[in-house]
Amino acid sequence: MLVRVLSGTVHGIEPHTIEVEVDMQPGGVPGLTLVGLPDRAVQEAIDRVRLAIRNSGLHWPVRRITVNLAPADLRKEGPAFDLPIAIGILAAAGQVDSEWLDETFVLGELSLDGTVRPVTGVLPTAIHARQQGVKRMIVPAPNASEAAIVGNVQVYPVASLAEAVTLLNTRDGVTPLSSDPEQLLQQPPKYEVDFADVKGQHHVKRALEVAAAGGHNVVMIGPPGSGKTMLARRVPTILPPMTVDEAIEITKLYSVAGLLPPNTGLLTTRPFRSPHHTSSNAALVGGGSVPRPGEVSLAHNGVLFLDELPEFRREVLEVLRQPLEDGIVTIARVQASIAYPARFMLIAAMNPCPCGYFGDPQHGCTCSPTQIRKYQQRVSGPLLDRIDIHIEVPRLTPDDLLRTQPGEPSEAIRERVVRARQIQQKRFEGTNVRCNAQMTTRMLRQFCPLSDDVKTMLRQVSQQMGISARAFDRIVKLARTIADLAGEEHIGLTHVAEAIQYRSLDRRIWL
């Protein structure tokens with residue numbers, strides 16, 4: 001008897017339908033053969049499935065069984081095929097009603113006692129199932145919340161193989177799980193930190209507000225203990241709430257990476273990723289023998305914080321160029337090419353010199369000019385060109401430290417950021433661009449007309465600072481964001497002047 005069970009796998013973040021074909025013949029030597037380009041984890045399913053069926057009180061058929069995972073030219077990875085293989089064998093043996101199988105996706109890993117364990121990539125597979133017109137899914141109970149987010153697909157959580165068999169055989173009195181992503185996002189995000197905790201540094205807060213309003217990248221330069229890390233960790237608290245599409249994009253990535261907490265249907269807060277400076281290329285941008293999303297993709301629609309920027313290896317920093325420019329990471333392999341989204345805000349922090357005290361009036365710097373120059377040149381010019389805002393973070397004064405009055409809370413700053421983002425949302429309606437920092441050259445000409453006075457100012461500044469064409473465009477984008485925060489339609493001299501002040505490394509004040 002031949003039985004087909006629908007399942008799925010994910011390559012990168014792209015899901016694929018897998019048909020688990022089970023053929024059972026009475027003649028020949030009893031045993032199970034698994035074909036269809038399985039990896040080691042899938043091959044080991046043979047023993048897991050056999051013992052899970054027996055320990056669940058079900059009968060293991062003493063027949064010649066062949067299991068094919070189609071299409072055969074697509075590599076199958078991971079243990080998610082355990083449950084569909086077991087269901088297929090039991091259906092071929094007549095122990096499971098196969099009526100639902102033609103329109104049901106089945107996913108799940110089996111333990112030896114028949115318990116169904118969670119697997120990765122359930123959310124993108126659920127989205128794919130809906131697109132394919134599949135009516136229902138049977139998934140591990142911890143993964144049910146993320147699958148239910150999709151809608152238009154009936155999601156049935158199961159905790160054991162026996163429970164899945166009962167569901168397929170009876171189908172009475174079982175209510176599928178449902179979830180509303182809009183309702184989940186209506187709840188305000190909860191953060192343990194707030195800008196009200198930050199003392200002083202008003203000009204840095206203003207720069208971070210501009211960055212959040214336009215999605216701009218920032219590098220903060222200052223001595224140790226000036227508050228760079230503290231400020232960076234509070235940036236997500238002033239970013240606008242996520243849309244449903246943004247939340248689903250992030251949740252898909254975390255689902256594929258296996259980082260989604262159990263029983264979590266949707267990530268509702270923007271991610272904040274802070275990799276250590278010893279991170280490798282693959283850890284930062286993704287890759288490995290089995291490609292996985294890197295830190296830049298896990299920070300998608302959120303913040304990637306690189307502390308001690310010059311301490312990262314130069315080749316690691318240089319791989320940031322593509323995601324900073326294109327918002328995507330492409331990992332090429334001989335067999336396939338995988339693309340992960342990576343549209344994030346980069347917040348970087350660095351000391352001005354190896355000892356950290358160059359330019360600090362309270363501590364003398366012990367570094368030579370050559371050491372200072374070499375230290376700062378660890379961050380290449382092309383990378384700095386892609387960072388819109390360069391801001392100095394000076395040491396706090398004793399008066400600032402002793403001040404007990406709290407600063408402006410994140411909620412108040414976020415309200416201004418949201419208003420500016422709403423202007424941009426209306427401006428870029430009908431395009432894939434979400435904020436000013438993502439504007440193309442054509443959009444720059446369309447949405448950022450400059451008066452003669454502004455052109456004259458920019459011409460003079462460009463000649464004096466020797467900035468590149470990319471940095472020139474980023475100054476205009478910054479000015480557009482500053483004008484949006486002020487609620488003004490046209491870019492003025494004050495907006496451009498403030499934008500220029502955020503390019504301190506172009507002005508070479510540190511070298």
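The lining of the largest cavity divides into seven nonpolar, three polar and two charged residues; here Ala, Val, Leu, Ile, Met, Phe, Trp, Tyr, Cys and Pro count as nonpolar, Asp, Glu, Lys and Arg as charged, and the others, Gly among them, as polar. The model is predicted: local features need pLDDT of at least 70 and side-chain atom pairs count only at pLDDT 80 or more, while totals for chains, interfaces and linings use all residues. Residues are numbered from 1 along each chain as its sequence is written, and side-chain values use heavy atoms, with hydrogens and water left out.

**Cavities**

- On a 1 Å grid over the protein atoms alone, a cavity is a set of points where a 1.4 Å probe fits but cannot get out, and lining residues have an atom within 4 Å of a point.
- Two cavities of 30 Å³ or more are counted, with grid points joined across faces, edges and corners and a volume taken as the space filled by probe spheres set on the points.
- The largest cavity has a volume of about 80 Å³, and its lining consists of P189, Y191, P236, T237, L239, P240, P241, M242, T268, T269, R270 and R414.
- The second largest cavity, of about 50 Å³, is lined by L185, Q187, P189, P241, M242 and T268.

**Pockets**

- A pocket is an open set of grid points with protein on both sides within 12 Å along at least five of seven lines.
- About 1,300 Å³ of space lies in the largest pocket; of its 45 lining residues, N432, V433, R434, C435 and Q438 are the closest to its centre.
- Helix α10 (244-257) is among the elements that give two or more residues to this lining, and its five residues are the largest share; helices (H or I, at least four residues) and strands (E, at least two) are DSSP runs, numbered from the N terminus.
- By class, the lining of the largest pocket has 17 nonpolar, 14 polar and 14 charged residues.
- The second largest pocket has a volume of about 890 Å³; V10, H11, G12, E77 and V290 are the closest to its centre of the 38 residues that line it.
- At least two lining residues of the second largest pocket come from each of β1 (2-11), β2 (14-25), α10, β13 (292-293) and β16 (337-341).
- The second largest pocket is lined by 19 nonpolar, 13 polar and six charged residues.

**Nonpolar cores**

- A nonpolar core is a set of buried Ala, Val, Leu, Ile, Met, Phe, Trp, Tyr and Cys residues joined through side-chain atoms within 4.5 Å.
- The largest such core has 51 residues, and those with the most contacts inside it are V218, M220, L231, I347, I389, I391 and Y502.

**Residue H300**

- H300 lies in the loop between α12 (295-298) and β14 (303-306).
- H300 counts as buried because its relative accessibility is 5%, where buried means under 20% relative accessible area, exposed over 50% and partly exposed in between (1.4 Å probe, protein chains only).
- Beyond its neighbours within four places in sequence, H300 contacts E249, I250, L253, P271, P341, A342 and R343, a contact being heavy atoms within 4.5 Å.
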